[in-house]
Amino acid sequence: SSDLILTDDSFGSIVNGVEEGRVAYDNIRKVIYLLISTGFAEIVLISLSMLFLLPIPLLPVQLLWLNLVTNGIQDVALGLEKAEPGVLKRKPRAPSEAIFNTIMISRVVVGGLYMGLSAFALFYTLISFGYSDDMARNLTLLLMVLFENVHVFNSRTEKHSLFKINHAKNKFLWISVLVAQAIHIGSMYIPFMQSVLNIQPVSLETWGVLFAIALVLVVVMELEKVLRQRFFKL
């Protein structure tokens, strides 16, 4: 306690302070992870398209839309996460430990590769089957938006199973996901936004297929946690 400035004589104040500090640090990591992993996925998608001499998979305005609008709302909500189970039972982290550590790298690579490779596979398949560049980009952009909607929930915890945490704690996160998706859906039907973003509505069947691909990301990240903790003890 010699390193703390005490404003009262309650030990509970120190405990609460430690908890708040850990929660704040965890939330910073969560937001960084979400941003870096989705950004890495975009790099994989564009790099593979260039390697295979395909048209650019997402236009600059679509990338801006993806990062600033549909993803930006969820970043804020993720920063308001409550404490994870057992946050005070963890051993103190080393002061020299970097935020971008081994666990972060593992999660970024696995999640980013799945999203990037899946989006590229979709774009490549659509182009191969004779879809126009604009339609292929429209569906690829929609898949990336769905990936972000799903991946924000993966970002809520590094070690715990997604199915064992309380998803009712952060109602703002659910609202942010719904708002982000509603904004994108609305843009697909508004003529001005259709022209700006070069997008258009898609069928319910197409929505279902793309959403199924996005949901597989949850399975991939849950497997990453299990394998990382079992074989690498991280």
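Which helix gives the most residues to the nonpolar patch? The answer is H4, with four residues. The legends below begin with the whole chain and then turn to close-up views.

This is a predicted model, in which local features need pLDDT of at least 70 and side-chain atom pairs count only at pLDDT 80 or more, while totals for chains, interfaces and linings use all residues. Residues are numbered from 1 along each chain as its sequence is written, and side-chain values use heavy atoms, with hydrogens and water left out.

**Figure 1. Overview of the chain.** The chain has eight helices and zero strands (helices are DSSP runs of H or I with at least four residues, strands are runs of E with at least two, and both are numbered from the N terminus). Its C-alpha trace spans about 70 × 40 × 30 Å along the principal axes. Of the 234 residues, 44% are buried (buried means under 20% relative accessible area, exposed over 50%, and partly exposed in between, with a 1.4 Å probe and protein chains only).

**Figure 2. The nonpolar surface patch.** Leu35, Ile36, Phe100, Ile105, Val109, Leu113 and Leu117 make a nonpolar patch of about 550 Å². Helix H1 (11–51) and H4 are the elements that give two or more residues to this patch. A patch is made of residues with over 30% relative accessible area and no salt bridge; like charges are joined within 9 Å, and nonpolar side chains (Val, Leu, Ile, Met, Phe, Trp, Tyr) within 5 Å. Areas come from the Shrake-Rupley method with a 1.4 Å probe, and for residues only the protein chains shown count as cover. Leu113 lies in helix H4 and is partly exposed, with a relative accessible area of 34%.

**Figure 3. Glu84 and its salt bridge with Lys30.** Glu84 is found in the loop between helix H3 (72–78) and helix H4 (102–128). The side chains of Glu84 and Lys30 meet in a salt bridge (3.1 Å, N to O). Glu84 lies in that loop and Lys30 in helix H1, so the pair ties together parts that are 54 residues apart in sequence. A salt bridge is a side-chain nitrogen of Lys or Arg within 4 Å of a carboxyl oxygen of Asp or Glu. Glu84 is buried at 14% relative accessible area, and Lys30 is buried at 5%. Leaving aside neighbours within four places in sequence, Glu84 is in contact with residues including Arg156 and His160 (contact means heavy atoms within 4.5 Å).

Figure 4. Helix H6 (residues 171–189) has 19 residues and reaches 27 Å from its first C-alpha to its last, close to the 27 Å expected at 1.5 Å a residue; the expected span is 1.5 Å times one less than the number of residues. Its buried residues are Leu173, Ser176, Val177, Ala180, Gln181, His184, Ser187 and Met188. They cover an arc of only 125° around the axis, which puts them on the same side of H6; the arc is that of the directions from the helix axis to the C-beta atoms. On the other side of H6, Lys171, Leu178 and Tyr189 are exposed.

**Figure 5. Salt bridges within helices.** Asp134 forms a salt bridge with Arg137, the closest N and O atoms being 3.5 Å apart. These two residues are three residues apart in helix H5, and therefore about one helical turn separates them. In helix H8, Glu224 and Arg228 are four residues apart, and the closest N and O atoms of their salt bridge are 2.7 Å apart.
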